[in-house]
Amino acid sequence: MNSIQENINKIKQNIPNYVTIIAVSKFQPIEKIQSAYDAGHRDFGENYVQEMVDKYQVLPKDIHWHFIGHLQTNKVKYIVPFVHLIHSVDSLKLLKEINKQAEKNQRVVSCLLQIHIAEEETKFGLSSQEALDILSSEELKSFQFIKIKGLMGMATNTDNTEQIKKEFLSLKSIFDQFKNTLHLPNVQFEILSMGMSNDYPIAIECGSNAIRIGTLIFGERPTKN
Ligand SMILES: *Cc1c(COP(=O)(O)O)cnc(C)c1O
């Protein structure tokens with residue numbers, strides 16, 4: 001058993017089996033992803049379009065590629081042909097472009113809306129009101145080539161577990177509210193993507209069913225060059 005496999009198994013042992021582990025492989029070399037793949041792992045997360053496309057081209061085609069970084073409208077076309085789930089949608093304009101490119105590719109692309117729950121101002125994402133405005137817009141109803149499957153969020157990077165918990169619980173409550181009140185053909189709330197290496201146990205306790213784990217699986221990230 002390789003060490004990456006051991007790391008994944010260690011995480012799996014302590015979480016419910018309905019939780020998807022997305023192995024965040026940004027800046028990590030192909031060999032490490034291949035090694036997780038050989039151990040049976042299929043879900044990988046990337047933050048940068050060019051990097052994800054390059055890796056997609058050389059790695060096995062049954063990998064589920066999750067896009068978790070900030071996505072620019074002009075780059076949507078590069079990932080739509082193969083992406084499994086876009087976690088980081090933060091505008092109606094972006095959804096419109098995803099829908100357009102998805103139609104060209106004749107596939108339905110699954111998306112999450114990214115909600116800003118952290119205190120830090122640098123993190124991307126929508127307020128719950130902005131997300132609601134998108135979900136209740138007339139235009140959204142015409143997007144037949146997207147499916148909005150839930151929400152994603154990142155907690156503040158802090159040691160204060162009470163604060164992290166408060167932020168995750170706020171996202172869970174927005175998720176439940178939308179899930180219970182929105183009934184649209186292209187909105188089907190199933191996925192709540194929250195939790196990273198340093199806070200995933202709290203996230204799961206607060207209702208997460210998709211965790212995005214980089215460092216704990218692959219070790220420290222090489223710096224971007
Ligand atoms: C990099 C990244 C992760 C993984 O972070 P780790 O702390 O290495 O687990 C998760 N989610 C997002 C959005 C990221 O950018």
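## Exposure and loop residues

A residue is called buried under 20% relative accessible area, exposed over 50%, and partly exposed in between, using a 1.4 Å probe and protein chains only. Glutamine 106, with a relative accessible area of 59%, is therefore exposed. Its place is in the loop between α5 (92–104) and β5; helices (H or I, at least four residues) and strands (E, at least two) are DSSP runs numbered from the N terminus. Although glutamine 106 is not a glycine, its phi is positive, about 50°.

This is a predicted model, in which local features need pLDDT of at least 70 and side-chain atom pairs count only at pLDDT 80 or more, while totals for chains, interfaces and linings use all residues. Residues are numbered from 1 along each chain as its sequence is written, and side-chain values use heavy atoms, with hydrogens and water left out.

Phenylalanine 27 also is not a glycine and has a positive phi, about 65°. It sits in the loop between β1 (20–24) and α2 and counts as partly exposed at 22% relative accessibility. Glycine 40 lies in the loop between α2 (30–38) and β2 (43–46); at 48% relative accessibility, glycine 40 is partly exposed.

## Helix α8

Helix α8 covers residues 161–181, and its 21 residues should span 30 Å at 1.5 Å a residue; the end C-alpha atoms are 30 Å apart, which agrees. The expected span is 1.5 Å times one less than the number of residues.

Buried residues of α8 are Gln163, Ile164, Glu167, Phe168, Leu171, Ile174, Phe175 and Phe178. Seen down the helix axis, the buried residues fall within an arc of 135°, so they line one face of α8; the arc is that of the directions from the axis to the C-beta atoms. They pack against β5 (109–116), α6 (128–135), β6, β7 (187–194) and α9 (200–205), contact meaning heavy atoms within 4.5 Å. The face turned away from the buried side carries the exposed residues Glu162, Lys166, Asn180 and Thr181.

## The largest pocket

A pocket is an open set of points on a 1 Å grid over the protein atoms alone, where a 1.4 Å probe fits, with protein on both sides within 12 Å along at least five of seven lines; lining residues have an atom within 4 Å of a point. About 600 Å³ of space lies in the largest pocket, the volume being the space filled by probe spheres set on the points.

The lining of the largest pocket has 26 residues, and Lys26, Asn47, Met154, Met196 and Arg221 lie nearest its centre. At least two lining residues come from each of β6 (146–154) and β8 (210–213).
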